[in-house]
Structures are given as C-alpha cells and as structure tokens.
Amino acid sequence: MADDSPGYGNGDKMPILTDPPFYLPEFEQSYRYIIDEYAIAPRDIAIFMPCAVRKPYSASPSHQLIRMVISQVFSEPQYHIVIFGTCGIVPQELEEMYPYAHYKYMLGKCKDPKILEDFLRIETERVAGYLEKTKDTYQYRIAYCIGLFREALIRGSEKSGVKIDLILPTRDMINKVIEEGDCVFEEGSLSMDEYLGEFTDELIRFRNAHYGNSR
C-alpha cells in the first residue's frame, strides 16, 4: 500500500472520532481510496464480517473467535476477510489505516430512526460499490452478520447484482435466539455458541461441497 494513501502511517497522531462514522468525510475519503485506487489481490473466497468496537478489529475477542473458526476450515491462501458496517467496508489488511482504527461508535445503542435509516442507505451504497469493484476478484462470497449490517449487505448485493453465496447465521438460528430472548440485543451476538457452532458446521459443509473435504 502506498504511503500517500489516506492517513497511512500516522495513525497514532490522529484523534478518536466519536460521531456516527458513516457521516464523516474521513470515511468517505478512505472508502473512495479503496474503490478507486486500492488493488485487492484475488482470492477464492471473500468472508464479510462486521466491524467491532475494539480496534484494530483483529484484536476484538469476537473477531478472534470468528477468525479461529475460519482458519480451522479454510487455508489462509483461500480466503480474504472484508470488514463492513459503520466503518463502510474495508479489506482486513487496511484495518490500521486512519480512520478505521481511530473511531469509537456503536450502532446497536442508537435509537434515532433517522440515523439508522441513513446508515442503511449509506452502507448499502458502499457495500454495492465494493461488490461491483470485486465482482471478478473472488469466486465465492460468505457473510457472517446480523441486524442492520446484514440488511445492508443483502441490499448491497441486490443493488450490485453480485451474489452472496452463503449468509450466516441462518434465519432459523436467528429466530431461535430471538425466541429465547435472553440477550442484551434482540438477535444476540455473533460470538454466541449457537451462532459459532452453526457457522463452523456451515463453513465445513460449504468447503466440502466446493473443494472436497480437504482444506
């Protein structure tokens, strides 16, 4: 990655941003850099994961759990992790680039319908833009997400015409978690055992269907 990319190499000097990041010009500038200039290396599989409160994302306990599952099913050269959500959408290797490691915001605590509506609209556009850019970069696309992030990914896929081959958790599993109703958030957390167990099983099934039973 070139040193003249937005905010590269000077992250420690940058302020922590606390406003909804999808409104901020820093995120639009970095998104445009990814779409217009950044070269994404081809991989067989793109795996889309939501952003996390802890930065960099890979330091998040939930991300570490999810990444551990992925690494047990697929070999590293097979897949590319892509982070999306309030940050927009960013390849994992750029997670420390400003502003992606320098904001603090949690959409799950927002109750303002206008902000939630704006997030869904803006993120749908950004997801669609990334899917269009990478339509020939990946052979398959897998997503692990719930809530508005999931809705934005689905809408972005529909807008771009680029299919997400596997979206997890399944709707049946999400409904089961909602019915049990013992979570802080309605649909729970992606680090829950129920979700991770299904994620593991479905990744193995996907691997076996497309690659045989070897990694």
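User: How do the axes of helix α3 and helix α4 lie, and at what angle do they cross?

Analyst: This is a predicted model, in which local features need pLDDT of at least 70, side-chain atom pairs count only at pLDDT 80 or more, and totals for chains, interfaces and linings use all residues. Residues are numbered from 1 along each chain as its sequence is written, and side-chain values use heavy atoms, without hydrogens and water. The axes of α3 (residues 113-133) and α4 (residues 147-160) come within 7 Å and cross at roughly 45°. Axes are lines fitted to C-alpha atoms, for helices over the stretch in contact, with angles from 0 to 180 degrees between N-to-C directions. Helices are DSSP runs of H or I with at least four residues, and strands are runs of E with at least two, numbered from the N terminus.

User: Why is α3 called oblique to α4?

Analyst: Angles under 35 degrees count as roughly parallel, over 145 as roughly antiparallel, 65 to 115 as roughly perpendicular and the rest as oblique. The crossing angle is roughly 45°, which makes α3 oblique to α4.

User: Which residues of α3 and α4 meet?

Analyst: Contact means heavy atoms within 4.5 Å. Among the residues meeting there are L116, F119 and L120 in α3, and L148, F149 and E151 in α4.

User: What makes β3 and β5 edge strands?

Analyst: Two strands pair if DSSP finds at least two bridges between them. In the open sheet of 5 strands, the order is β3-β2-β1-β4-β5. Strands β3 (88-91) and β5 (166-168) each pair on one side only.

User: How many bridges join β4 to β5?

Analyst: 3 bridges join β4 (residues 138-144) to β5, and the two strands run parallel. The requirement is at least two bridges, so β4 and β5 count as paired.
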